[in-house]
Amino acid sequence: MNINTRLLTGLTVLLTTPILPMQAHHTPPAGPLSARQQAIVTISALTATGDLPHLHDALAKGLDAGLTVNEEKEELVHLYAYCGFPRSINGLNTLLKLLDERKAKGLKSELGKEASPIAENGSKYERGKKVLETLTGRPEPAVKTGYGAFSPEIDRFLKEHLFADIFERDVLTYQERELTTITALVSLGGVEAQLQGHLGIGLHLGLTAA
């Protein structure tokens, strides 16, 4: 099953499933993906598949499309949660190489804002749980089932690290993080259940099926 077929299968399931209303603070895109969003998608796909030569070019195009160095760096860091440290670190090294090349050519690379300090109010687990509820638009069930009941450890890691440590960072928006995540899952393959969940989150955050 190729990438387009996997994505189409996930979308077909989602479009027959009711989606909760989008929260007011998420603004839907006006049309097709912008050049900036397309750059995010391309960077994610090439990082997940380990195609470093093409990733080098995609990172350069991303900077030209308006992404800052810190935004590209944040995307590459975000991806380690979905495709592992090796792919993420290789992506970061590719970005470093690109920045050195641009500097040698006298090309300016916009650094951009750094992540704001995270306000550590309450337990990290509860913060992560709240972020996940914001992403999905649904309250987390009080009683764990499935993998969460079988392995409470992984449920805690997901809430405390993925949804608190990573998703709470403000360099990228929730929608941009979901574009990154959806693309990585499509590129990896074999994770259709997780892809379906993140496609649903994407729709909830204002992305359209198109």
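A184 is buried, at a relative accessible area of 0% (buried means under 20% relative accessible area, exposed over 50%, partly exposed in between, with a 1.4 Å probe and protein chains only). The model is predicted: local features need pLDDT of at least 70, side-chain atom pairs count only at pLDDT 80 or more, and totals for chains, interfaces and linings use all residues. Residues are numbered from 1 along each chain as its sequence is written, and side-chain values use heavy atoms, with hydrogens and water left out.

A184 sits in helix 8 (helices are DSSP runs of H or I with at least four residues, strands are runs of E with at least two, and both are numbered from the N terminus). Neighbours within four places in sequence aside, A184 is in contact with S44, A48, L79 and Y82 (contact means heavy atoms within 4.5 Å). The C-alpha atoms of A184 and C83 are separated by 7.2 Å. Along the chain, A184 and C83 are 101 residues apart.

Y82 also belongs to the largest nonpolar core, which has 20 residues (a nonpolar core is a set of buried Ala, Val, Leu, Ile, Met, Phe, Trp, Tyr and Cys residues joined through side-chain atoms within 4.5 Å). Y82, L135, L162, F163, F167 and L195 have the most contacts inside this core. Two or more residues come from each of helix 4 (69-104), helix 5 (124-136), helix 7 (152-166), helix 8 (174-188) and helix 9 (192-204). A second, separate core of 16 residues includes L59, A60, V69 and L76. In soluble globular proteins, nonpolar side chains tend to be buried together.

F163 touches G128, V131, L132, L135, L158 and E168, residues up to four places away in sequence not being counted. The axes of helix 5 and helix 7 come within 7 Å and cross at roughly 70° (axes are lines fitted to C-alpha atoms, for helices over the stretch in contact, and angles run from 0 to 180 degrees between N-to-C directions). Helix 5 is therefore roughly perpendicular to helix 7 (angles under 35 degrees count as roughly parallel, over 145 as roughly antiparallel, 65 to 115 as roughly perpendicular and the rest as oblique). On the helix 5 side, the contact residues are K124, Y125, R127, G128, K129, V131, L132 and L135. They meet D155, R156, K159, E160, F163, A164 and D165 in helix 7. By class, this contact has six nonpolar, one polar and eight charged residues (Ala, Val, Leu, Ile, Met, Phe, Trp, Tyr, Cys and Pro count as nonpolar, Asp, Glu, Lys and Arg as charged, and the others, Gly among them, as polar).

The count of salt bridges comes to 13 (a side-chain nitrogen of Lys or Arg within 4 Å of a carboxyl oxygen of Asp or Glu). One of them joins R36 and E176, at 2.9 Å from N to O. This pair links distant parts of the chain, with R36 in helix 2 (residues 35-49) and E176 in helix 8, 140 residues apart. R36 is partly exposed at 21% relative accessibility, whereas E176 is buried at 10%.

E168 forms a salt bridge with R127, and the closest N and O atoms are 2.9 Å apart. E168 lies in the loop between helix 7 and helix 8 and R127 in helix 5, so the pair ties together parts 41 residues apart in sequence. E168 is partly exposed at 23% relative accessibility; R127 is buried at 10%.

E140 and K159 meet in a salt bridge of 3.2 Å, N to O. K159 is buried, with a relative accessible area of 3%. Salt bridges with shared partners join E140, K144, D155 and K159 into one network.
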